[in-house]
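The following note sets out several points on the structure shown below. Please read each point alongside the model.

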Amino acid sequence: MKRSTRGCGCAVAVLVLLLGAGGFGFWKYGLPWLRSRPPKPSGELQVHVLDVGPIEGDSILIISPAGKSVLIDAGDAGKGKVVLDALKRYKVERLDYFIATHPHPDHIGAADEVLNGIKVANMIDNGVDLSTPAPAAPAKSAKGKAVAPPPPPKKSKTKGVNNFFDEYRDALKQNGAQYEKAAPGKKYDLGGGAILTVLAPSEPFFTKDQMKTGGNDINANSIVLRLDYGDFSMLFMGDAEAQTEERLLGKSDLDLKTKVIKIGHHGSKYATSENFVKRVQPEAAIISDGAWNRYGHPAQSALDRLKAANAKVWRTDLQGEVTITTKGRGDSGKLYEIKTAKETKEDVWAGREAMKDDSSRSGFIAYGDFGPPPKPKTEKPKKK
Ligand SMILES: [Zn+2]
């Protein structure tokens, strides 16, 4: 600051200035950041499977016993408010991890809304990049004449997905979250003894050509996670279906047995295969689905497979938000508890009727074909 200081030697002065600026920066930004810590440790692990219906979607909030928070997916566009409201309700002021299982609108459609609404420390996705190619091409008109920009894709199909993805990536940049590609085997210490492990996707990624029946490569490359806390364990399948399950089953050393499972792809008939259910042996299966979905989620066959394995079922389309709480020990009673936002008179074991096959690729991508809610089978007695 003083001239005399400068006189002593530039290097020292610069160092002092840098240290000063660093200290000020830490005081101004670092401390508030450190202080904006989420809920206090409660000794309880919470998993909230949010209700982002009635149009289909996934969004799951984990709050660890140490207060660390993880959001898995954010639901479809427009659902950001539901997610942000839930974060507020559970006093999450900052997300430690935001995991996008795969780039489909019903999972990352509202990712931008969430990223714009809350500070995120770490963003994890499967690395599949659906960004719209930069419109730099028309600028290459250096050959002479100005080239008109390429017309937008005929249908809003692909464009829709790319828009979601572009918005997600833009918001991610704005948020400043640390980006990371999911790596199978990687463990995240959520504190208090809770560990989140990435199980999938593993390389090589499934390609379109490998999706012969009932498959969608983007779903197949979903991030699959396992959460462990004491004696409690839970699997989060994203939209993974049978081929992903098979790949997991192929890893004989992989511990897939868990108490609870958020089943794959909203209860699609192509997921939750018999062998997989046998290996996981879930006591409780959570189905995140929307009452307005036209893909027949959950499928009767998937429900039947869970029933045959003696699992109990909870459904967001009928019961709203599903919350699982556990202290990680079952010695003083139940190991975990499951509560729902509302009661249902419907039969949770009754599947919905499909109005279109959920293996159709365009079915996922178009996603704009939601009309009035198709009545679930169980609501059908009066109307046929
Ligand atoms: Zn989905």
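Buried here means under 20% relative accessible area, exposed over 50%, and partly exposed in between (1.4 Å probe, protein chains only). This is a predicted model, in which local features need pLDDT of at least 70, side-chain atom pairs count only at pLDDT 80 or more, and totals for chains, interfaces and linings use all residues. Residues are numbered from 1 along each chain as its sequence is written, and side-chain values use heavy atoms, with hydrogens and water left out.

1. Thr323 belongs to strand 14 (residues 322-326); strands (E, at least two residues) and helices (H or I, at least four) are DSSP runs numbered from the N terminus. With a relative accessible area of 14%, Thr323 is buried.

2. Beyond its neighbours within four places in sequence, Thr323 is in contact with residues including Tyr90, Glu337 and Ile338, contact being heavy atoms within 4.5 Å. Its side chain also forms a polar contact of 2.9 Å with the side chain of His48. A polar contact is a pair of N or O atoms within 3.5 Å; within protein, one must be able to donate a hydrogen and the other to accept it, and residues adjacent in sequence count only if both atoms are side-chain atoms.

3. Helix 8 (residues 242-249) has Gln243, Thr244, Glu245 and Leu248 buried. These buried residues pack against strand 8 (194-200), helix 7 (217-220), strand 9 (224-229) and helix 9.

4. Elsewhere, Asp106 counts as buried at 3% relative accessibility, and His266 is buried at 0%.
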